[in-house]
Amino acid sequence: MSRFLRNQGWVAGLFALLIFVFVVTKLIQPGYGSGDFGSLARAVLPYAFAVAAQTVVVIAGGIDLSVAAMMALTSVTAASMMNGASEEYALFVVPFVLAMGLVLGALNGVLIVVTRVPDIVVTLAMLFVLQGAALLVLGAPGGAAAEWLKASVVGTAPIPSLPDWADAWVPKALVLLVICLCIVWIPLRRSRLGLSIYAIGSDELAAFRSGVPVARTRIVAYALSGLFAAMGGLSLTISTGIGAPIPGPYLLASVAAVVLGGVALGGGKGGLLGPIIAVFVLRLVRTDLTLLAIDPNVTAIIEGAIMVAVVMFGAFITIRGRPVGATP
Amino acid sequence: MTDIATMPQPVSFGRRLKRFMADRPLIPLIILLIVLVAILQVLRPGIVNERWIANTAKFAIPLAILAGCQTMTMLTGGIDLSVGTVATMSAFIMATQIVNQDPAVAFLLAMLPAVLIGLVNGIGVGVFLVHPLIMTLGTSLIGTGFLQVYQRTVIASGARIPDFLNWLGTGLTYGFPNALFLFVPVAVLIVFMLNRTGFGRLLYAVGDNERAARLSGVRYWQVITALYVLSSLLAGITGLLYIGLIKAPSLSLAEPLVLPSVAAAVIGGTSIFGGRGGYTGTIVGALILTVLTTLLTILQMPEGGRRILFGFIVLFVTAAYLRIIEDR
């Protein structure tokens with residue numbers, strides 16, 4: 001019960017932080033309105049999926065270094081398939097790319113289980129492999145996205161029961177994000193499988209002795225991570241209209257948001273809501289830096305420094321949380 | 001009964017081979033290198049001559065020094081992904097500062113970011129116990145940000161490759177590349193340090209059993225900080241050598257060397273989990289990768305395919321070494 005309170009307390013604190021950063025934004029730029037919130041939601045989209053991908057694996061006690069490369073590969077695949085194709089063809093591309101993410105994620109898991117090499121090494125090797133594959137699919141940034149897909153993240157979602165002023169604060173990108181995450185996460189959280197994922201992250205041996213199929217659960221966790229990463233890749237293609245074979249800064253951002261979101265890097269603790277709020281906080285801080293008219297390159301430095309500081313803080317908390325004298 | 005106890009157990013060929021591989025990893029590596037060169041000679045008769053050997057050495061040397069950074073950090077169970085950024089920063093700063101500054105001052109300025117990044121890495125890993133992979137990835141992102149800001153400030157002054165770096169990077173003395181003047185002392189120093197000095201043994205000790213090392217009085221954070229500063233310094237020097245070889249300062253100069261440097265150390269028999277390995281194997285690993293790259297270029301394999309191959313090499317070699325260790 002106390003753990004439940006603590007976790008919810010963390011999420012509540014984060015939410016307060018988000019509101020605080022929001023107020024700061026409003027102070028810096030009094031004209032910050034619903035339109036800007038819409039572009040924030042669009043910018044958050046790929047980051048949020050990257051964070052979701054990382055969260056599932058971290059809860060299961062692993063780490064996925066191939067998230068950004070997986071997004072690059074799925075993004076270029078979608079962009080090159082939709083290039084010059086009809087609008088209807090995209091109806092086929094989306095499930096294909098999602099399935100590809102699922103399969104490649106499962107491959108990560110299978111390799112970890114079969115070779116018994118630690119997660120961090122396997123996913124590092126897969127980072128090379130997926131990066132290479134992305135370059136093979138598309139040598140330089142290019143491709144295209146279907147118009148209806150591009151339209152699906154622009155503007156606001158018309159919700160009939162809401163008055164117009166409130167509706168303006170519900171961008172389509174946010175709705176899309178919430179739907180995609182909930183469709184996967186809520187059934188998972190309530191199922192036996194979800195419980196198993198938490199169990200193997202918390203204590204693998206205890207989980208094994210309680211009859212949890214550890215290997216299968218780990219593979220499923222990585223497959224889900226691949227699925228979320230594929231969503232991230234698709235959202236990249238949709239929001240930019242092209243695919244780029246170079247992985248973006250999503251790996252470090254995802255780890256930082258996971259740590260800030262209250263998911264212990266050791267596994268077994270935390271949820272999806274915390275990291276998602278954390279990613280909004282991190283993006284909004286970036287918006288603030290831009291609004292303060294700071295050179296974009298300097299913004300990149302500050303952002304990187306914040307993320308490193310967050311990860312250091314998280315590691316520090318993990319040391320403190322351990323009993324005295326335990327091996328780090 | 002005593003008869004049975006003293007009788008030599010029949011050892012299967014597979015086990016003997018495995019033990020041989022584990023005890024003398026250098027011999028199969030050298031055989032592999034010779035096989036690769038032979039394949040090259042068969043594909044392009046006459047390619048293997050004095051000039052080719054000098055050329056191969058020239059390109060293998062920067063890779064081998066960077067792989068040395070990976071070897072040392074991997075001995076402690078870490079990894080240093082910031083070497084590419086550090087090398088690029090040093091090279092770029094050198095090439096732009098030499099225009100207006102004294103060479104010695106330019107050299108010191110070029111080494112400054114290397115020391116700083118190494119220090120931050122060391123403190124993050126040693127004091128805050130952040131995973132080295134995440135930490136060095138973070139500092140390399142920050143470093144790239146700084147480099148972009150710096151580039152704007154020197155855009156007017158232009159860049160120049162100093163003559164002595166040209167001489168070091170591409171010059172030949174009696175058919176031997178001048179880079180050997182740098183590499184041989186560095187290699188001797190690393191091998192001597194790892195095998196004969198207290199610091200070198202501490203690296204093995206920390207990587208083999210961190211807890212035991214701590215309990216026997218090793219100041220973990222001091223060892224780690226010194227290690228990452230040393231690794232960064234070596235990377236910085238490699239950057240200077242590499243700019244003399246490539247002769248085109250860019251913001252992603254040494255980035256393509258990062259993945260191969262990890263692969264070279266892994267192929268050379270250094271365990272990515274720490275405590276096992278050495279620098280001589282790594283040197284052969286770097287040679288193997290350089291010859292392999294030539295081979296793949298002749299076979300017209302694109303860059304993407306090469307990355308995929310390197311990824312799988314890292315994965316399978318790690319898995320193979322894991323099996324060998326388990327069997328002993």
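**Exercise 1. Which residue forms a salt bridge with Arg218(A), and how far apart are the closest N and O atoms?**

Before we start: this is a predicted model, where local features need pLDDT of at least 70, side-chain atom pairs count only at pLDDT 80 or more, and totals for chains, interfaces and linings use all residues. Residues are numbered from 1 along each chain as its sequence is written, chains are lettered from A and ligands numbered from 1 in the order in which they are written, and side-chain values use heavy atoms, with hydrogens and water left out.

*Step 1.* Know the rule: a salt bridge is a side-chain nitrogen of Lys or Arg within 4 Å of a carboxyl oxygen of Asp or Glu.

*Step 2.* Find the partner. Arg218(A) pairs with Glu204(A), and their closest N and O atoms are 3.2 Å apart.

*Step 3.* Arg218(A) sits in helix α11 (residues 214-240) of chain A and Glu204(A) in helix α10 (residues 204-209) of chain A, so the pair ties together parts that are 14 residues apart in sequence. Helices here are DSSP runs (H or I, at least four residues), strands are E runs of at least two, and both are numbered from the N terminus.

*Step 4.* Count them up: over all chains, the rule gives six salt bridges.

**Exercise 2. Describe each chain.**

*Step 1.* Count the elements. Chain A has 14 helices and zero strands, while chain B has 15 helices and two strands.

*Step 2.* Check the radius of gyration (taken over C-alpha atoms; the globule rule is 2.2 Å times the number of residues to the power 0.38). For 328 residues, a compact globule would come out near 20 Å; chain A has 20 Å, which agrees. Chain B has 21 Å, and that agrees with the rule too.

*Step 3.* Look at the spans. The C-alpha trace of chain A covers about 55 × 45 × 45 Å along its principal axes, and that of chain B about 85 × 55 × 35 Å.

*Step 4.* Ask about confidence, using pLDDT (the predictor's confidence in each residue, from 0 to 100). Chain A averages 84, with 95% of the residues scoring at least 70. Over residues 323-328 of chain A, though, the pLDDT is below 50.

**Exercise 3. Work out what the interface of chain B and chain A is made of.**

*Step 1.* Count contacts (heavy atoms within 4.5 Å). Chain B brings 42 residues and chain A brings 39 residues.

*Step 2.* Get the buried area (accessible area, 1.4 Å probe, that two parts lose on being put together, summed over both). The chains bury about 3600 Å² between them, 82% of it on carbon and sulfur atoms. In chain B, Phe128(B), Ile134(B) and Leu315(B) lose the most area to chain A, together 17% of what that side buries.

*Step 3.* Look for salt bridges across the interface: the rule finds zero.
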